[in-house]
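The following questions and answers examine a single protein model. Please consult the sequence and coordinates shown here before reading on.

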Amino acid sequence: MMVVGLILLCRNNKVLTFLWLLRYSGDSNASSEVINEDDSFYVNMTTEDLLQPGHVVKERWKVVKKIGGGGFGEIYEGLDLVTKELVALKLESAKQAKQVLKMEVAVLKKLQGREHVCRFIGCGRNDRFNYVVMQLQGKNLAELRRSQPRGAYSLSTTLRLGLQILKAIESIHEVGFLHRDIKPSNFSMGRLSHNCRSVYMLDFGLARQYVTATGEVRPPRAAAGFRGTVRYASINAHKNKEMGRHDDLWSLFYMLVEFVNGQLPWRKIKDKEQVGVMKEKYDHRLLLKHLPSDFRQFLDHIYALDYHIRPDYCMLSGLFERCMKRRGIKENDPYDWEKHYTDNSATTTVTTSPAVISKPPLAGSILTFVDKPAIIKDLKDKTEISTPVPPGTHGTDNMLDDNIMASFEDHGENETGGVKEGHLQGEPRQAG
Ligand SMILES: Nc1ncnc2c1ncn2[C@@H]1O[C@H](COP(=O)(O)OP(=O)(O)OP(=O)(O)O)[C@@H](O)[C@H]1O
Ligand SMILES: [Mg+2]
């Protein structure tokens, strides 16, 4: 009953209008970069969507449903008619000023074969949209946190997620890129029995190459535009300084604090500048309250880093491992969402235990709509955004080599429009 009610709620025009207003009030926020909230929990399908259920892309990927829509694109679950597997399709309108999918494809390809990375399946474009097809994952870490009774993860879950996220960040740094939008909704758990306990890193649209062709760290720009999501952005990023590897780790730090506490002190503040000021004044040691005392070392380390210094990933992962060992936390222990509990305030009952998983949880399944309290809470909590790349840069705020960029092939379309030749294969540009 609750499920139907909520689906109706989501389809109710007034509610949809309300959601749109929220999005656009974000747009007109003092920091004009605000275009997109974090932690998107609802998926509002409209007739303006680039695809509808049943559409087939490139005669191969049949749209099942929309599962996400961020500031830069639309994400759909699809069925691969060739392999019969479920896939994720990420689209951006060919018309939109901020083109970031080319970067997404470039980085995804660079990362292929690594842990915590979705398998790349295909990409292309037509006159209406650019798209990338990749392995479909399960729920993102923002959704999963909010579906917890306290809106927070246990220390056991936090430490194990933290360690996987750290390794994912290390991987992207190893291939010469910064992610620059590390936040819970950019990480998903796998959805199949063999990978549902693995974290996957998503969304490379704001990535930037920080090394030169010869592997040296690029000289930092004197000033750079803000990139990322206000809630998780480092103080450095707030100051429009060139972001480095340490900034991704600062965002991880804020994520960890939010995981265990259920919130960050600046969660209700919308204005980017105000959040920056608050972060600067805030005694970050207070954020460590619910984390093991070892995390003082994490904080000290990221404070000590700058753009040029390579973070000590090994020391940081050792810290997680030490804390886990001391507390008797085992890799096979159930994650919070795998434990059996009944939340009285909602209809959600999460019952999957790792030992008995026979059926993988469906990504973006109906459960997405079940957590009513979380949805209501979220509507009040739309302060999070990713910032766009400037119009016309096509997301190449970067130094991508031509091979990677050229690999964003052009593909013809079935049912969705005509074919245009590879305009995405143009010269890589570098933002100023
Ligand atoms: N491969 C995938 N499998 C399953 N779900 C996915 C996948 N890629 C993205 N999603 C879902 O769609 C959401 C938005 O995706 P993504 O972050 O890539 O888009 P975005 O438009 O860049 O979003 P934002 O600007 O909000 O960060 C994710 O939070 C996740 O829930
Ligand atoms: Mg995202």
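Q: Does serine 171 count as buried or exposed?
A: This is a predicted model, in which local features need pLDDT of at least 70, side-chain atom pairs count only at pLDDT 80 or more, and totals for chains, interfaces and linings use all residues. Residues are numbered from 1 along each chain as written, chains are lettered from A and ligands numbered from 1 in the order in which they are written, and side-chain values use heavy atoms, with hydrogens and water left out. Buried means under 20% relative accessible area, exposed over 50%, and partly exposed in between (1.4 Å probe, protein chains only). Because its relative accessibility is 11%, serine 171 counts as buried.

Q: Which residues does serine 171 touch, not counting residues up to four places away in sequence?
A: Serine 171 has its place in helix H5; helices (H or I, at least four residues) and strands (E, at least two) are DSSP runs numbered from the N terminus. Contact means heavy atoms within 4.5 Å. With residues up to four places away in sequence left out, serine 171 touches Leu111 and Arg114.

Q: How are H5 and H10 oriented to each other?
A: Two packed helices are described by the angle between their axes and the distance between the axes. The axes of H5 (residues 155–174) and H10 (residues 313–326) come within 10 Å and cross at roughly 165°; such axes are lines fitted to C-alpha atoms, for helices over the stretch in contact, with angles from 0 to 180 degrees between N-to-C directions. Angles under 35 degrees count as roughly parallel, over 145 as roughly antiparallel, 65 to 115 as roughly perpendicular and the rest as oblique. H5 and H10 are therefore roughly antiparallel.

Q: Which residues of H10 make the contact with H5?
A: On the H5 side, the contact is made by Leu159, Arg160, Gly162, Leu163, Leu166, Lys167, Glu170 and His173. On the H10 side, the residues are Tyr313, Leu316, Ser317, Phe320, Glu321, Cys323 and Met324.

Q: What is the handedness of the crossing of H5 and H7?
A: The axes of H5 and H7 come within 10 Å and cross at roughly 165°, which means that H5 is roughly antiparallel to H7. The contact includes Leu155, Thr158 and Leu161 of H5, and Arg245, Asp248 and Leu249 of H7. A crossing is left-handed if the near helix is turned anticlockwise from the far one by less than a right angle, and right-handed if clockwise. The crossing of H5 and H7 is right-handed.

Q: In which hand does H7 pass H9?
A: The axes of H7 and H9 (residues 295–304) come within 10 Å and cross at roughly 150°, so H7 is roughly antiparallel to H9. The contact is made by Leu249, Trp250, Leu252, Phe253 and Leu256 of H7 and by Phe295, Phe298, Leu299, Ile302 and Tyr303 of H9. The crossing of H7 and H9 is left-handed.

Q: Which residues coordinate the magnesium ion (ligand 2)?
A: Donors are N, O and S atoms within 2.8 Å of the metal (3.2 Å for Na, K and Ca), and sites may look incomplete, as water is not among the atoms. At 2.1 Å, the magnesium ion is coordinated by Asn186 (OD1) and Asp203 (OD). The pair links distant parts of the chain, 17 residues apart: asparagine 186 lies in the loop between strand E7 (177–178) and strand E8 (187–189), and aspartate 203 in the loop between strand E9 (199–201) and strand E10 (208–209). Both coordinating residues are buried, namely asparagine 186 and aspartate 203.

Q: What is the phi of asparagine 240?
A: Most residues other than glycine have a negative phi, and most peptide bonds are trans. Asparagine 240 is found in the loop between helix H6 (235–238) and helix H7 (245–261), and its relative accessible area of 31% makes it partly exposed. Although asparagine 240 is not a glycine, its phi is positive, at about 60°.

Q: What separation is found between the C-alpha atoms of glycine 276 and lysine 239?
A: Glycine 276 is found in helix H8 (residues 272–281) and counts as buried at 8% relative accessibility. Glycine 276 and lysine 239 are 37 residues apart along the chain, and their C-alpha atoms are separated by 7.7 Å.

Q: How many disulfides does the count come to?
A: A disulfide is a pair of cysteine sulfur atoms within 2.5 Å. Cysteine 123 is buried at a relative accessible area of 1%, and cysteine 196 is buried at 6%. The count of disulfides comes to 0.
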